[in-house]
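Before this model goes any further, here are some points that may be worth checking against the coordinates.

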Amino acid sequence: LNLKSVDSLPGYAETNPKLNISGTVYESDGKTPADNVILYIYHTNRDGIYKPSENPIGWENRHGQHRGWLVTNAKGEYSFYTFRPAPYPQVQESEHIHMYVKEPNKIPYYIDNYIFRSDPTLKQEDINSQSKRGGSGLINLLAQNGILTAKRDIVLGLNIPNYDE
């Protein structure tokens, strides 16, 4: 895999509303930028389904085609372009984007989902149920040049059970 710190997920070009989420990943001290950290992102389509492509490979059968991998640069930065996912059609769960973190020499772990303050299906209990794994996943979307943008910084190991073992 030739991973980059900036990439677009499948479906970005043809699907609206468009999103760009960026941030910095920090070491567990919350200050030192963390380079060479792999991030795995996935989310539903605009119907709230994890729909695979015609010829799915790997985790696509379970996570759908709207997924991708990034690696942080020397300044700990990452950025991805995608579109706003829809909530699940039959379940009371708000719009969200999943992310897993893979640090060098560590077992991968998930961090709190990205959830959107402007999501009409977002409930206070969704916000309260976040355990702030890696920091808060609650983000504010701002419209800039036809794209909804947001920033989320991540602190490695923050609120991750058994992180130092």
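Which residues line the largest pocket?

1. The model is a predicted one, and the points below should be read with that in mind. The lining of the largest pocket consists of Glu-93, Ser-94, His-96, Tyr-110, Ile-111, Asp-112, Asn-113, Ile-115, Asp-126, Ser-129, Gln-130 and Ser-131. The volume of this pocket comes to about 210 Å³, and β7 supplies the largest share of its lining, namely five residues.

2. Strand β7, which spans residues 109-116, also belongs to an open sheet of five strands, arranged in the order β4-β3-β6-β7-β8 with mixed pairing. The edges of this sheet are β4 (67-71) and β8 (138-139), each of which pairs on one side only. Between β7 and β8 the pairing is parallel and runs over two bridges, and Ile-115, one of the residues lining the largest pocket, stands opposite Leu-138 in β8.

3. Asp-126, another of the lining residues of the largest pocket, forms a salt bridge with Lys-123, with an N to O distance of 3.9 Å.

4. The whole structure holds four salt bridges, and among them is the pair formed by Glu-95 and Arg-84, whose closest N and O atoms are 2.6 Å apart. Both residues lie in the loop between β5 (77-83) and β6 (97-102), so that their contact ties together parts that are eleven residues apart in sequence. Glu-95 and Arg-84 are both buried.

5. A further salt bridge joins the side chains of Asp-7 and Lys-4, with 4.0 Å from N to O. Here Asp-7 is partly exposed, with a relative accessible area of 27%, and Lys-4 is likewise partly exposed, with a value of 43%.

6. Arg-152, found in the loop between β10 (147-151) and β11 (154-155), deserves a separate look.

Definitions and conventions:
Residues numbered from 1 in each chain as written. Predicted model: local features only at pLDDT ≥ 70, side-chain atom pairs only at ≥ 80, totals over all residues. Heavy atoms only, no water. Helix = DSSP H or I, 4+ residues; strand = E, 2+ residues; numbered from the N terminus. Pairing = 2+ DSSP bridges. 1 Å grid on protein atoms, 1.4 Å probe; cavity = no way out; pocket = protein on both sides within 12 Å on 5 of 7 lines; lining within 4 Å. Points joined across faces, edges and corners; volume = space filled by probe spheres on them. Buried < 20%, exposed > 50% of the residue type's maximum accessible area, 1.4 Å probe, protein only.
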